[in-house]
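Dear colleague,

I am handing over the structure we spoke about, and you will find it just below. Once you have had a look, please read on for what was found in it.

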Amino acid sequence: MTSVSAKLVDALAAAETVVVLTGAGASAESGIATFRDPDGLWEQFSPEELANVEAFLDNPTLVQGWYRYRQVAIEEAAPNAGHRALTRLEQLVPRFACITQNVDNLHQEAGTERVIELHGNIIRSYCIDCGEPHTLDASVAADDDPEPVRCDECGGLIRPDVVWFGERLPPDAIASANAWARDADVFLCVGTSAVVFPAADLPLEALDHGAYLADVNPDTSAVSGKAQVHLQAPAGEALPALVEAVAARINPEAA
Ligand code: APR
């Protein structure tokens with residue numbers, strides 16, 4: 001039985017506004033690799049060669065191929081118990097926002113309504129010249145076609161709708177995320193190393209505005225030490241137990 005923190009349950013049950021920031025760890029139990037864990041993507045692949053616009057313009061076929069490879073893994077994945085617990089928490093509290101660094105669409109697939117995508121979504125792609133939406137067909141393996149995928153309208157290169165290193169986050173998304181962080185009574189970090197900015201500023205912003213900060217991570221992240229509570233367990237274990245306890249606190253009769 002995963003232990004839950006009574007103080008965190010109290011804070012969540014009394015909260016008007018609950019905000020969650022998720023990272024790759026939230027999808028680890030869905031079989032999607034994280035970035036910086038020992039078996040993470042950045043241990044196997046170099047972000048310099050694959051996740052920035054210069055690399056894309058240098059070798060669009062390689063970068064498109066790599067995103068197709070990730071798309072296949074994501075299309076085969078399903079939301080885990082952690083994603084579903086956050087959907088339930090959204091239904092339990094008055095105001096809720098899930099701010100995600102993930103591009104895998106799994107919060108939406110789990111039924112969470114208010115999802116703020118900071119780093120885009122791998123399911124979407126667009127033409128870098130005319131902006132026309134497109135899909136990068138994951139079924140076509142990179143080595144099947146050395147030619148990069150181009151826009152039917154203008155012939156421009158097609159890129160995934162994700163934020164690459166050195167690029168700005170979508171202004172509306174980061175503005176909304178900051179507003180929610182400032183409003184939060186409870187701010188939950190789930191499965192993020194909290195080392196990539198500006199996303200990693202959000203828990204600190206929430207703390208500065210009086211939020212109760214909790215970190216859900218089997219390992220130690222850059223915010224674990226600043227959090228009032230660190231649930232050192234996988235999200236798929238810690239979150240269902242936590243939300244179950246909050247539900248029992250909010251509706252004792254239903255428990
Ligand atoms: N449950 C909760 N946390 C987990 C789990 C799990 N089952 N498994 C791993 N973790 C934790 C790890 O301990 C680590 O702290 O998830 C964290 C994942 O960290 P990163 O791999 O650095 O991923 P993230 O924080 O999302 O990276 C931020 O960096 O590469 C860019 O754009 C990319 O959005 C990404 C950003």
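Please keep in mind that this is a predicted model. To begin with the ligand, one of its oxygen atoms has a backbone N or O atom of Gln101 at a distance of 3.2 Å. A backbone N or O atom of Ala24 is found 2.8 Å from an oxygen atom of the ligand, and an N or O atom in the side chain of Thr192 lies 2.7 Å from an oxygen atom of the ligand. Taken on its own, the ligand has 740 Å² of accessible area, and the protein covers 92% of it.

As for where the ligand is placed, it sits in the largest pocket. There are 22 residues around the ligand, and those that come nearest are Phe35, Arg36, Trp42, Thr192 and Ser193. Sorted by class, this shell is made up of nine nonpolar, nine polar and four charged residues.

One further residue may be worth a look while you have the model open. Asn102 is located in the loop that runs between β2 (95-100) and α7 (106-109). Is Asn102 buried or exposed? Asn102 counts as buried, because its relative accessibility is 7%, and the cut-off for buried is under 20%. A polar atom of the Asn102 side chain lies 2.9 Å from the backbone oxygen of Gly23.

With best regards

Notes:
Residues are numbered from 1 along each chain as its sequence is written. This is a predicted model: local features need pLDDT of at least 70, side-chain atom pairs count only at pLDDT 80 or more; totals for chains, interfaces and linings use all residues. Side-chain values use heavy atoms; hydrogens and water are left out. A residue is near a molecule or strand if one of its heavy atoms lies within 4 Å of it. A polar contact is a pair of N or O atoms within 3.5 Å; within protein, one must be able to donate a hydrogen and the other to accept it, and residues adjacent in sequence count only if both atoms are side-chain atoms. Accessible areas come from the Shrake-Rupley method with a 1.4 Å probe; for residues, only the protein chains shown count as cover. On a 1 Å grid over the protein atoms alone, a cavity is a set of points where a 1.4 Å probe fits but cannot get out, and a pocket is an open set with protein on both sides within 12 Å along at least five of seven lines; lining residues have an atom within 4 Å of a point. A molecule sits in a cavity or pocket if more than half of its atoms lie within 2 Å of its grid points. Ala, Val, Leu, Ile, Met, Phe, Trp, Tyr, Cys and Pro count as nonpolar, Asp, Glu, Lys and Arg as charged, and the others, Gly among them, as polar. Helices (H or I, at least four residues) and strands (E, at least two) are DSSP runs, numbered from the N terminus. Buried means under 20% relative accessible area, exposed over 50%, partly exposed in between (1.4 Å probe, protein chains only).
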